[in-house]
Amino acid sequence: MQDGKSSPRSARRTQAERRAETRKALLNAARALIVEKGYAETGTPEIVKVAEVTRGALYHHFADKADLMRALVQQEAEAIAEEIDARTDTGQTPLDAFMSGAKAYFSAMSVAGRAKIMLLEGPTVLGPAEMAQIDRETGGATLLEGLRHAANHGALADVPLEPLADLLSSAFDRSALAIANGGDRDAYETATRTLLAGILKA
């Protein structure tokens, strides 16, 4: 027979849900403000006001504003990697697999504000080394996997894969930023296919 009281287990679960909701609110508020105004012009008092939480709640979840930015970049990077994973298939030829990944990346980076966060604000706040580390743990890992897939199919003989992944990542980032700023996506995809075909000797 139930007495109407919550069990300790359900109470703990509710508390965990509240923490998750607070963290999500802070990330959503920070994202909206940084996309609109930029990181430097966004203050923590404004973030907590938009998130409708206390300043103490912010510092419970994040060490400081830079740590909040780090979490935001990680969140965006994971979303990008998930879209690439969902739209690539190792059963394809190396060129087709790469193009599927490139198109998925361009689509993921077309989400409003994402290019600004990942390619402009993120590197400025966190620095190139930390951004590269986050990339290696998320989207960069999918790129390297694609190169290994190509190597396993006889392409890229004697080519060092990690430096090549860095070069291609830079090219994809530059293209994604151009597309986000109104560039012709079809033209960039055509150029990307030409580039990859030459690299993969397809």
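Author: Buried means under 20% relative accessible area. Keep that cut-off at hand for this predicted model.

Reader: Why is tyrosine 105 called buried?

Author: Its relative accessible area is 12%. The cut-off is under 20%. Tyrosine 105 therefore counts as buried.

Reader: What makes phenylalanine 172 buried or exposed?

Author: Phenylalanine 172 has a relative accessible area of 9%. Exposed would need over 50%, buried under 20%. So phenylalanine 172 is buried.

Reader: And why does alanine 197 count as buried?

Author: Alanine 197 has 19% relative accessibility. The limit is under 20%, so alanine 197 is buried. Its place is in helix H10, residues 185-200.

Reader: What makes tyrosine 105 and phenylalanine 106 an aromatic pair, and why is the pair called tilted?

Author: The structure holds 3 aromatic pairs. For tyrosine 105 and phenylalanine 106, the ring centres lie 6.1 Å apart, with 50° between the planes. Pairing needs centres within 6.5 Å; stacked is under 30 degrees, edge-to-face over 60, and the rest tilted. At 6.1 Å and 50°, the two rings form a tilted pair. Both tyrosine 105 and phenylalanine 106 are buried.

Reader: How do you know that tyrosine 105 and phenylalanine 172 form a tilted pair?

Author: Their centres are 6.5 Å apart and their planes 45° apart.

Reader: What makes Tyr105, Phe106 and Phe172 a cluster?

Author: Ring pairs link Tyr105, Phe106 and Phe172.

Reader: How do you know that the buried residues of H9 line one face?

Author: The buried residues of H9 are Leu161, Leu164, Ala165, Leu168, Ser169, Phe172, Ser175, Ala176 and Ile179. Viewed down the axis of H9, they fall within an arc of 135°, so they line one face of the helix. The face turned away carries the exposed residues Asp166, Leu167 and Arg174.

Reader: What do the buried residues of H9 pack against?

Author: Helices H5 (94-109), H6 (114-126), H7 (128-137), H8 and H10.

Reader: How does the span of H9 compare with the expected span?

Author: H9, residues 161-180, has 20 residues. The expectation is 1.5 Å times one less than the number of residues. That is 28 Å, and H9 reaches 28 Å from its first C-alpha to its last. After H9 comes glycine 182, with a positive phi near 105°.

Reader: What puts lysine 65 over the face of tyrosine 39?

Author: Lysine 65 is at 4.1 Å from the ring centre of tyrosine 39. The distance limit is within 6 Å, and the charge must also be within 35 degrees of the ring normal. Lysine 65 is listed as lying over that face.

Reader: How many helices and strands are in the protein chain?

Author: There are 10 helices and 0 strands. Of the 202 residues, 40% count as buried. The C-alpha trace spans about 70 × 50 × 30 Å along its principal axes.

Reader: Where is confidence lowest, and where highest?

Author: Lowest in helix H8 (residues 139-152), at a mean of 82; highest in helix H2 (residues 44-51), at 97. The protein chain averages a pLDDT of 89, and 93% of the residues score at least 70.

Terms used:
Residues are numbered from 1 along each chain as its sequence is written. This is a predicted model: local features need pLDDT of at least 70, side-chain atom pairs count only at pLDDT 80 or more; totals for chains, interfaces and linings use all residues. Side-chain values use heavy atoms; hydrogens and water are left out. pLDDT is the predictor's confidence in each residue, from 0 to 100. Helices (H or I, at least four residues) and strands (E, at least two) are DSSP runs, numbered from the N terminus. Buried means under 20% relative accessible area, exposed over 50%, partly exposed in between (1.4 Å probe, protein chains only). The arc is that of the directions from the helix axis to the C-beta atoms. Contact means heavy atoms within 4.5 Å. Rings of Phe, Tyr and Trp (its six-membered ring) pair if their centres lie within 6.5 Å; planes under 30 degrees apart count as stacked, over 60 as edge-to-face and the rest as tilted.
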